Amino acid sequence: MTDDDDPFNKRKAKILKVLCEFTKEPEIPLTDGGTHADLASTIAFLLAKKEKSSPVKIAQNITQEIENNPDFKMLGIRTEAKGPYINFLFDTSYLTEYLKAAVLPGYGSLPKKMVRIVLEHTSANPNGPLHVGHIRNSIIGDTLARAFCKAGFRLEVQYYVNDMGRQIAIVIWGFDNLDSTRHEGEKEDAHIARVYIAANRELEHDPSITQQVDNLMQRVEAGDPATVKKFRKEVSRCLDGFAVTLKNLNVAHERFVWESDFIRNGDTKRVIGRLKKLPQAKEEGTLALDLTECGFEKEYVIRRSDGTSVYAARDLAYHVWKAANFDRIIDVLGADHKLIGGQLICTLRLLGEKAPEIVHFEFVSLPEGSMSTRAGKFVSADDLITEVTKRAYDEVTVRRPELDDTARKAIAKSVALAAIRYDIVKVSPEKSTVFDWNEALNFERQSGPYIQYAHARACSILKKAGTFSEEYELETEQEIALARQVAKFPAVIEKVIAELRPHLLATYARELADTFNSFYHFEPVLKSEGKVRNRRLTLVKAVQNTLQESLETLGIDAIRTM
RNA sequence: GGGCUUGUGGCUUAGCUUGGACAUAGCGCCGGGCUUCUAACCCGGAUGUCGGGGGUUCAAAUCCCCCCAGGCCCGCCA
């Protein structure tokens, strides 16, 4: 479905055109009518001043003049003045158009585009397991990725592996100098965290170790083969651990890009060469940029006085590479990266390169304070998954004792994933949150399982119904309210990718489930007869499909029974 | 100290970019509903100075200014 033949947009455009022609105003206010109407205009307020008349009268006048417009008749648009507001109410014909699309697979997909997007998310340092803060990044990123795919974009999702940072050097020092035997059954990333935490403890007692860590960092930047090999080995093991966690979260990356590759292939050197030539460059031992023109007071250091590069230099090289290979660059980063993200964008612009669009999300903390891998203060994603799955299994066992263990486990796994992903994605990214076990383990309303449940209900009805002939004439208030909700879906996908805000989809899916549950309790489907039965079944099918598409875009299994 | 950001019923939260008609929902609380399409559900009720103050406007949770409180950032770390 393209924008022009979208049933809602088509009507909106027509109303705008008519109002514009009649009032001669360049800007016509036309907003969502809420419970009053499909669309509403407050143009009367605007004209009241100019015409020195009351908004109520003006609204009445305009309504009288335009209500009989033949195009309005054809499109099923009714106009009414309600006080100073001009309301536009659509008859059910536009809903029919949506429902016909909504019963088909792929509802909500937008036309294919040639734009290539690279989306980077998660990119956590490989010095310990992913925790509940990191997976906010993963889930926002993965949901965005799914939304972009649904919206027809060509997409590559990348994980930027920081394999040459100080943290990794500390890990390597730990493996070299401390008892670092892996415990039986211990996951790779948990093992690395244990060594990392122990090494940090040593570092606190004995600051002279810092020198040894610095040494490791210099050797790895110089490309010393034995050191590089050691770094690679432990980082790879940590990534193996991440892979398990990410798979359990239904999160996928197409490519892992290693930071050190940008040293080895000369890209970092090349970008530093280009930066040196900028008028903003200052070379006095260090190489730094003066970014005051972008509002940054502090200098942006690119190269240390000992000649080694800092993170910023490698990150610039990475982004120059992305810019060369993709049309759009999107990064999902924590709020702590706001300043350096701004500096990165500013610098890329100075170089004449494409700059990334950055989605920032605020931090997740624990009730006792902020999380820290170094201090061992975090709730790992693995622990979260284990606990939520256990809880889900107990719940399924109580509700569906007749199912065999395999079936119950499969449902529990999907329910747990839904609970975790939804709980995280539903909150606006700009809000900092405190991790709460009670919330995480709650499967009631405003949860992922709640939406899955509505979907399973719809599936159950359709299964019992067997075949039926589709019928699109709607009658009752509940039916219309539900169809209206279904109709919003393509616009929601559009908005999610336009504003880079995946939580809008979470809100939408919950509202659709709410409306369906209400319908379910008031309007019998299988017990009604003839045309009524058919049109309600058609509606249930549309809801089922829309919920399925919504859930899949949220990375949640649309299970058919639970 | 400077910058960014958040503040919405007891708790959590939508709406804020694009100002408009009774501020969205959940948890908890009170009262109802399972021999009836899956009760992970539904219906009804109580609970709000939209952090505080000022301003713009016919109209402010939404825009502007000041203040208060929390979070994050301000490294030749990543």
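Analyst: Let's start with the overall layout. In this predicted model, the C-alpha centres of domain 1 and domain 2 lie 53 Å apart. Chain A is divided into domain 1 (7-91), domain 2 (116-365) and domain 3 (381-553), with bounds from an automatic or database domain assignment.

Residues are numbered from 1 along each chain as its sequence is written, while chains are lettered from A and ligands numbered from 1 in the order written. Local features need pLDDT of at least 70 and side-chain atom pairs 80 or more, whereas totals for chains, interfaces and linings use all residues; side-chain values use heavy atoms, leaving out hydrogens and water.

Now for the links, beginning with the disulfide. The structure holds one disulfide (a pair of cysteine sulfur atoms within 2.5 Å). C294 and C346 form this bond, with 2.0 Å between their sulfur atoms, and the link of C294 and C346 is right-handed, with 70 degrees about the S-S bond. The two cysteines link distant parts of the chain, 52 residues apart: C294 sits in the loop between β9 (286-289) and β10 (300-303), and C346 sits in helix α14. Helices (H or I, at least four residues) and strands (E, at least two) are DSSP runs, numbered from the N terminus. Buried means under 20% relative accessible area, exposed over 50%, and partly exposed in between, with a 1.4 Å probe and protein chains only.

Next come the charged pairs. A search of the whole structure finds 48 salt bridges, each a side-chain nitrogen of Lys or Arg within 4 Å of a carboxyl oxygen of Asp or Glu. One of them joins the side chains of R232 and D163, at 4.0 Å from N to O. R232 belongs to helix α10 (residues 225-248) and D163 to the loop between β6 (154-161) and α7 (166-177), so this pair ties together parts 69 residues apart in sequence. R232 is partly exposed, at 25% relative accessibility, whereas D163 is buried, at 4%.

A second example joins the side chains of E353 and R274, at 2.9 Å from N to O. E353 is found in the loop between α14 (338-350) and β12 (357-361), and R274 in helix α12 (residues 267-276), so parts 79 residues apart in sequence are tied together. E353 is partly exposed, with a relative accessible area of 21%, and R274 is partly exposed too, at 32%.

Salt bridges can also join up beyond pairs. E475, E479, E523, R535 and R536 are linked in a network of them.

Finally, let's turn to the pockets. On a 1 Å grid over the protein atoms alone, a pocket is an open set of points where a 1.4 Å probe fits, with protein on both sides within 12 Å along at least five of seven lines; lining residues have an atom within 4 Å of a point. The second largest pocket holds about 1,100 Å³ of space, a volume being the space filled by probe spheres set on the points, which are joined across faces, edges and corners. It is lined by 46 residues, and N125, H134, Q167, D336 and H337 are the closest to its centre. Among the elements that each supply at least two lining residues of the second largest pocket are α7, α14 and β12. The largest share, five residues, comes from α13. By class, the lining of the second largest pocket has 18 nonpolar, 18 polar and ten charged residues. Here Ala, Val, Leu, Ile, Met, Phe, Trp, Tyr, Cys and Pro count as nonpolar, Asp, Glu, Lys and Arg as charged, and the others, including Gly, as polar.

The largest pocket has a volume of about 1,300 Å³. Of its 40 lining residues, F8, D32, D38, R484 and K488 lie nearest the centre. Domain 1 and domain 3 each contribute at least three residues to the lining of the largest pocket, and α19 gives the largest share, seven residues. The lining of the largest pocket divides into 19 nonpolar, nine polar and twelve charged residues.
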